[in-house]
Amino acid sequence: MSAKRDPLAGGADLSTRTGDPGLHRLAAGALLISFRGTTAPDWVLRGLEDGLGGVCLFGFNVAGGEQVAALTARLNEAGRPVVSLDEEGGDVTRLAYHTGSAYPGNAALGAVDDVALTERVYHAMAADLARCGVNLDMGPVADVNTADDNPIIGTRSFGPSPDLVARHTVAAVRGLQSAGIAACVKHFPGHGATHQDSHLEIPIVDASLDLLRERELVPFLAAIEAGAKSIMTAHVAVPELTGDLPATLSARALTWLLRRELGYDGVVLTDALDMHAISENVGLAEGAVLALAAGADLLCLGPLPTAEDVRGMVDHIVDAVTEGRLPAERLEEAAGRVERLRDWFAGAHLSSGNGPAGEVAEGDVVGLHAARRAVSLTGSAGPLADPFVVEIDTPPTIAVGEVPWGVAPWLPEAEVVRVRPAEADAGALLGRARERSLIVVVKDAHRHPGSRRLISELLAARPDAVVMEMGLPIWRPEAGAYIATYGAARPNAQAAVELLSDGPSVAGL
């Protein structure tokens, strides 16, 4: 065996196998890898030189817009990578991971139900991404959120109606792609009817094929017809379609249904293979082979796999081809689709012509405008008197992460405390709120019994209190005022505080 450079020591080669270098390059080209830090490690740069498909960025890769632009420029010097991240607006953001998004998420846009506004919001987000050198956004979420207790979708969805979700998915695709950013519509064939989180297990969508066609598939078909450049698979099992397999590993889901029945010929990208639904069942390397065999073109990796893991995946894919378990033609087909996507990137960015200063201002304005149109107030809060704010801590999902949220930046005169329901002393909180305006802020109270108990205890003594729901407004207790924001991004909080303070009108922009 010839000497190989070790990726862990800054070397280039992503395979320990001798043999056809073209096959090694095809195998590496199917991987969309991640790495820690705000600069690219040598193994990533060398890997891109050796054919890696691209990278997926996370919040830990971001320190600021100029830093991300410098990072992506360096990546592009090494190859022609797909540079992607999850930028959904609302609760799920990577560019604004340390501050919170400037855009309300899909639930707020669905509540407004103005497709022109949705397109403007996504166009502004795309301009942010383009300035930073990102070329593919892992969004929009096209899941129809029919399960109220869905632990992973929630406010990430435009809503519970297939037609509503379809028209806003199309608007989002148009907004992104008109600014030169490829949309990646997710999570096929639908994650909205689940009661489990695929980061932790394989969720079940207990739906017939007919129901899938009437509900889950409606937004995806609309996105395909709108020219979506990529679609992300879901690690969900649909027994009538996939049996026990997650859709990511199912040829019936990806080849028979998505390719043949729905007629999609763009890039199929997997959700992160290091999520437990894949990694804890078949393993990273075998999951890569099975996903490619099922019809996926790009394999996304989250933050867990190391350089050594990536090398092992490339080796395993090469071995699967040489053993006859994975046709080389399948890898070539996948590479061809990704290459067409790269060609589109080049043409789209040449023609998008986004002006930096104007687009930044537009993003700030349209995000707040959308949040103001989405927020609603039931009841009357009255003038605020020395406000005391209780923010009920809600465990973040893995998709969201530790993104800042809350009202403190827009209520500087208030005393704000954040409490965990299991540890909170309602009597002590009421004592601190005596003769003061009491505002209780919560996210997705309908999913958290402890949050509901604490709110009920506070309202029993203070029925005049304001409850501000920054998730889905499904549980609506009797209160002096109830505010629904449909998300916890910065403009959602600002719009809600403006209602309390009798601030700006939400009329026209």
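Predicted model: local features only at pLDDT ≥ 70, side-chain atom pairs only at ≥ 80, totals over all residues.
Me: What is the phi of Asp386, which is not a glycine?
Reply: Most residues other than glycine have a negative phi. Asp386 is not a glycine, yet its phi is positive, at about 45°.

Me: How does Asp386 count by relative accessibility?
Reply: Buried would need under 20%, and exposed over 50%. Asp386 has 46% relative accessibility, so it counts as partly exposed.

Me: Where does Asp444 lie, and what is its phi?
Reply: Strand S12 (438-442) comes on one side and helix H17 (449-461) on the other. Asp444 lies in the loop between S12 and H17. Asp444 is not a glycine, but its phi is positive, at about 55°.

Me: Is Asp444 buried or exposed?
Reply: The cut-off for buried is under 20%. Asp444 has 13% relative accessibility, so it counts as buried.

Me: Which residues does His446 touch, not counting those up to four places away in sequence?
Reply: His446 is found in the loop between S12 and H17. At 16% relative accessibility, His446 counts as buried. With residues up to four places away left out, His446 touches Asp148, Arg452, Leu472, Ile474 and Trp475.

Me: What separates the C-alpha atoms of His446 and Glu332?
Reply: Along the chain, the two residues are 114 residues apart.

Me: At what angle do the axes of H6 and H8 cross, and what does that make H6 to H8?
Reply: Two packed helices are described by the angle between their axes and the distance between the axes. H6 (residues 162-177) and H8 (residues 217-225) have axes that come within 8 Å and cross at roughly 25°. Angles under 35 degrees count as roughly parallel. So H6 is, relative to H8, roughly parallel.

Me: Which residues in H8 does H6 meet?
Reply: H6 passes H8 in a right-handed crossing. From H6 come Pro162, Asp163, Val165, Ala166, Thr169 and Val170. The residues of this contact divide into eight nonpolar, one polar and one charged. On the H8 side, H6 meets Val218, Pro219, Ala222 and Ala223.

Me: At what angle do H2 and H3 pack, and what does that make H2 to H3?
Reply: Helix H2 (residues 42-49) and helix H3 (residues 65-78) have axes 7 Å apart, at an angle of about 40°. Roughly parallel would need an angle under 35 degrees. So H2 is, relative to H3, oblique.

Me: How many nonpolar, polar and charged residues has the contact of H2 with H3?
Reply: H2 brings Val44, Leu45, Leu48 and Glu49 to the contact. H3 brings Arg74, Leu75 and Ala78. By class, the contact of H2 with H3 has five nonpolar, no polar and two charged residues.

Me: How many disulfides does a search of the whole structure find?
Reply: A pair counts when its sulfur atoms are within 2.5 Å. For Cys132, the nearest cysteine sulfur is that of Cys56, 15 Å away. For Cys184, the closest is in Cys300 at 8.6 Å, too far for a bond. The whole-structure count of disulfides is zero.

Me: Are Cys132 and Cys184 buried or exposed?
Reply: Cys132 has 8% relative accessibility. Cys184 has 0%. The cut-off is under 20%, so Cys132 and Cys184 count as buried.

Me: How exposed is His276, by relative accessible area?
Reply: His276 has its place in helix H11 (residues 276-279). His276 is partly exposed, and its relative accessible area is 31%.

How values were computed:
Residues numbered from 1 in each chain as written. Heavy atoms only, no water. Axes fitted to C-alpha atoms, helices over the stretch in contact; angles between N-to-C directions. Helix = DSSP H or I, 4+ residues; strand = E, 2+ residues; numbered from the N terminus. Parallel < 35°, antiparallel > 145°, perpendicular 65-115°, else oblique. Left-handed = near helix turned anticlockwise from the far one by under 90°. Contact = heavy atoms within 4.5 Å. Nonpolar A, V, L, I, M, F, W, Y, C, P; charged D, E, K, R; others polar. Buried < 20%, exposed > 50% of the residue type's maximum accessible area, 1.4 Å probe, protein only.
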